[in-house]
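Please consult the sequence and structure shown here alongside the text.

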Amino acid sequence: MPSPRTSKKTTAATLDTPATPAPESVDTGFLRTLVGYNARRASLAVIEVFMERMAVYQLKVVDFSVLSLVAHNPGVTSRQLCMTLGVLPPNLVGLVAALERRGLIERRPHPSDGRAMGLHLTPSGVQLTAQAEQTAAQLEVDATAGLTAAERKTLIRLLQKVYARDGA
């Protein structure tokens with residue numbers, strides 16, 4: 001007899017439908033034809049290694065990205081970082097403040113825009129970013145060990161063609 005929570009229709013359908021055995025292996029054939037699926041799976045594999053190796057620096061992906069951009073673009077503004085990284089301004093404010101509290105970056109008046117502040121690495125920030133970038137370069141090689149250097153370069157170029165709208 002069906003319980004009060006189960007409808008007769010559901011119960012009848014359940015009884016009429018033979019049980020389908022669980023597959024021995026999962027068919028991912030269709031998903032593996034999708035760029036998004038493959039990009040996400042590759043990203044997860046690399047990010048996992050990234051998080052492990054960057055833990056020593058107490059850096060998340062976005063922290064590392066901000067520090068690297070500031071290192072290579074001294075005086076960059078928060079607005080420029082938001083546009084480059086696709087981060088919303090309220091999210092970047094907290095991130096910059098946290099990096100500032102850690103003594104890794106500092107704000108200085110922008111030389112040509114009196115309303116803006118440029119971001120610069122502190123000496124501690126320069127040192128940590130240099131070490132983290134070396135670690136990132138090595139972890140990329142390790143995480144993509146199944147690729148040759150030429151394949152890795154081609155993969156990067158192709159991925160950039162997917163996300164870069166301006167051809168850069």
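In what follows, a residue is buried when its relative accessible area is under 20%, exposed when that area is over 50%, and partly exposed in between (1.4 Å probe, protein chains only). Helices (H or I, at least four residues) and strands (E, at least two) are DSSP runs, numbered from the N terminus.

The model is predicted: local features need pLDDT of at least 70, side-chain atom pairs count only at pLDDT 80 or more, and totals for chains, interfaces and linings use all residues. Residues are numbered from 1 along each chain as its sequence is written, and side-chain values use heavy atoms, with hydrogens and water left out.

**Confidence**

The protein has a mean pLDDT (the predictor's confidence in each residue, from 0 to 100) of 89, and 88% of its residues reach 70 or more. Among the elements, helix α3 (residues 61-72) has the highest mean value, 97, while helix α1 (residues 8-16) has the lowest, 56. Where pLDDT is low, the predicted coordinates should not be read in detail.

**Strand β3 and its partners**

Strand β3 (residues 117-121) is largely enclosed by the rest of the structure, because four of its five residues are buried. Two strands pair if DSSP finds at least two bridges between them. Strand β2 (residues 105-109) runs antiparallel to β3 and is joined to it by five bridges; R107 stands opposite L119 in β3. Strand β1 (residues 76-77) is also antiparallel to β3, with two bridges, and T77 has G118 as its bridge partner there.

**Salt bridges**

A salt bridge requires a side-chain nitrogen of Lys or Arg within 4 Å of a carboxyl oxygen of Asp or Glu. By this rule there are three salt bridges.

| D142 | R53 | 2.9 Å |

The bridge between D142 and R53 links distant parts of the chain, 89 residues apart: D142 lies in helix α6 (residues 123-143) and R53 in helix α2 (residues 35-54). D142 is partly exposed at 34% relative accessibility, and R53 is partly exposed at 31%.

**R152**

R152 is located in helix α7 (residues 149-163). R152 is in contact (heavy atoms within 4.5 Å) with E140, V141, T144 and L147, not counting residues up to four places away in sequence.
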